[in-house]
Amino acid sequence: MSKEEIFIGAIDQGTTSSRFIIYDQKARPIGSHQVEFTQFYPEAGWVEHDAVEILESVKVCMAKALDKATADGHNVDSGLKAIGLTNQRETTLIWSKSTGSPLYNAIVWMDARTSSVCRKLEKELSGGRTHFVETCGLPISTYFSAMKLIWLMENVDPVKQAIKSGDAMFGTMDTWLIWNLTGGVNGGLHVTDVSNASRTMLMNLKTLDWDKHTLETLGIPAEILPKIVSNSEVIGKIGKGWPITGIPISGCLGDQHAAMLGQACRKGEAKSTYGTGAFILLNTGEEIVQSKHGLLSTLAYKLGPEAPTNYALEGSIAIAGAAVQWLRDSLGIITTANDIEGLASQVDSTGGVYFVPAFNGLFAPWWRDDARGIVIGITRFTSKAHIARAVLESMCFQVNDVLDSMQKDAMEKGQKTHFVLRVDGGATVNNLLMQIQADLLGSPVVRPADIETTALGAAYAAGLAVGVWKEEEIFASGEKAKTSTRFKPALEEQLRKRKAESWCRAVERTFDLADLSL
């Protein structure tokens, strides 16, 4: 009699698409499906999603991935032990408890409409932009959920009415998905996890609970907020109306925290995920490190209700792969995202062109929501190949800025200052991008065989909670290292330094451009 197959599923709800991946007991993907959903841009700087469309995209992905795995001879129906979930962070939604309907579109993490809310708070609060840093690790910024929630409370009548009547529920996309997966209006569970909660500005990093003083200061009612749980525990079971029913949801992490777990990042190890944006996290262990150089203090992961909490320093970059999408969708310079590598490879430099993708401002380490995108250094010699290469370089320069801040913070604490950069995310299939990153960084870049570590991290958390894997198995990364690709720097050191200086000059030219006349 053959041994029963064991599987773990992972929902990966990203900024532009949803995926469902099924992993076997050796953490190998055996079935997956991906669906893109609509991006809405109602005004300049505004970005929204239809939360119901996202639900449907997840449902389709689950059904199609199951069909594919079953067609390949895997008995997933009997072998699926748990589901993990990972999601785009900070994206904010309020919905009706009684009807289950969203009261407004989801406001996406990169949306910049709340800049006036931020300026007002900075002027009113004694600590200015850093007023809440000691509690939540985050500056006042358009990036975080609390600012989006305040905007909804101030500007959307159905939200005001629902809060007044006790019918409003707040959540990031993990909360919305779990509530619907576990029954919705019929007893759905209103929960979030510590990593997603840490990105709202409302959670106390030390207590891992909603901070009462912050809620009072911002005028946010505690009763609309979900319960906070760890990243690895049985939350509830999937209810009726889904392709899978009765299966435990036992893992939940924000996408960048899931990637840290998927990359098996221990204390002192960093990873960079290249997706719509780029996100660099350094595991600081059980210590909350406050950055003096523009980084965020945040959760790394907490792998169980009684498990120790690992914290991280994070550098968040708003626009990375989204700049490639802009070349494709708005300018028509390329037909598919993959075309950029071939186009950029037609030239061996940018010809002095620098592109700073400050479409909705700049995040770490600059934190300038008054910045706007620029292309400088253009001459008659400039071609679309130079522009394409400058877009790739912009992603790498931004990662360098964050890593430079990490090294400064580490040096000031007397810690080692050299991080081997582990990379993941869809854009890392681009070998030219990875080589440029190594060249501009001046140190090696390591890409794992499986670059989709976000979904893998969610699967690890879910499997850990139900006993499919042990923590030491997840962090035993020796075997993974054998199948990694290592990119070594080949750029002459003096040229690397000159390019970095030119990049910084270009960044400074993006400041104070938000009020340019339309």
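1. Two strands are taken to pair if DSSP finds at least two bridges between them, and helices (H or I, at least four residues) and strands (E, at least two) are DSSP runs, numbered from the N terminus. With that in mind, A10 stands opposite I21 in β2, and strand β1 (residues 7-13) pairs with strand β2 (residues 17-24) in the antiparallel sense over seven bridges.

2. The note concerns a predicted model, in which local features need pLDDT of at least 70 and side-chain atom pairs count only at pLDDT 80 or more, while totals for chains, interfaces and linings use all residues. Residues are numbered from 1 along each chain as its sequence is written, and side-chain values use heavy atoms, with hydrogens and water left out.

3. The strands β1 and β2 belong to an open sheet of six strands, ordered β3-β2-β1-β5-β14-β13, with mixed pairing. At its edges stand β3 (29-36) and β13 (232-237), each with a single partner strand, so one side of each is left without a neighbour in the sheet. The twist averages 25° from one strand to the next; axes here are lines fitted to C-alpha atoms, for helices over the stretch in contact, and angles run from 0 to 180 degrees between N-to-C directions.

4. Helix α1 (residues 51-71) lies across β1, β2 and β3, and runs at about 150° to β3, whereas helix α7 (residues 173-181) lies across β1, β5, β13 and β14 (248-254), and runs at about 145° to β5.

5. Within strand β5 (residues 80-87) is N87, which counts as buried because its relative accessibility is 0%, where buried means under 20% relative accessible area, exposed over 50%, and partly exposed in between (1.4 Å probe, protein chains only). The side chain of N87 makes a polar contact with the side chain of N196 at 2.9 Å; such a contact is a pair of N or O atoms within 3.5 Å, and within protein one must be able to donate a hydrogen and the other to accept it, while residues adjacent in sequence count only if both atoms are side-chain atoms. Leaving aside neighbours within four places in sequence, N87 is in contact with Q13, M173, D174, N196, L253, G254 and D255.

6. A further open sheet, of seven strands, has the order β17-β18-β16-β15-β21-β22-β23, again with mixed pairing. Its edge strands, β17 (296-302) and β23 (485-487), each pair on one side only, and neighbouring strands of this sheet are turned by 30° against each other on average, direction ignored. Strand β22 (residues 445-447) pairs with β23 in the antiparallel sense over three bridges, and the bridge partner of R447 in β23 is T485.

7. Helix α10 (residues 255-262) lies across β15 (270-274), β16 (278-285), β17, β18 (309-317) and β21 (421-424), running at about 60° to β16. Helix α13 (residues 384-412) lies across β15, β16, β18 and β21, running at about 140° to β18.

8. How do the axes of α10 and α15 cross, and within what distance do they come? The axes of α10 and helix α15 (residues 453-465) come within 7 Å and cross at roughly 80°. That makes α10 roughly perpendicular to α15, given that angles under 35 degrees count as roughly parallel, over 145 as roughly antiparallel, 65 to 115 as roughly perpendicular and the rest as oblique. On the α10 side D255, A258, A259, L261 and G262 take part, meeting T453, T454, L456, G457, A458, Y460 and A461 in α15.

9. Helix α14 (residues 431-441) is mostly covered, with nine of its 11 residues buried, among them L432, M434, Q437 and D439. N430 caps the N-terminal end of α14, with a side-chain oxygen 3.0 Å from the backbone nitrogen of L432, and just after α14, G442 takes a positive phi of about 80°.

10. A27, in the loop between β2 and β3, has a positive phi of about 65° although it is not a glycine, and A27 is buried, with a relative accessible area of 15%. A264, in the loop between α10 and β15, likewise has a positive phi, of about 55°, and counts as buried at 1% relative accessibility. The peptide bond from A364 to P365 is cis, with omega near -5°, and P365 lies in the loop between β19 (354-356) and β20 (374-376).

Technical notes. Contact means heavy atoms within 4.5 Å.
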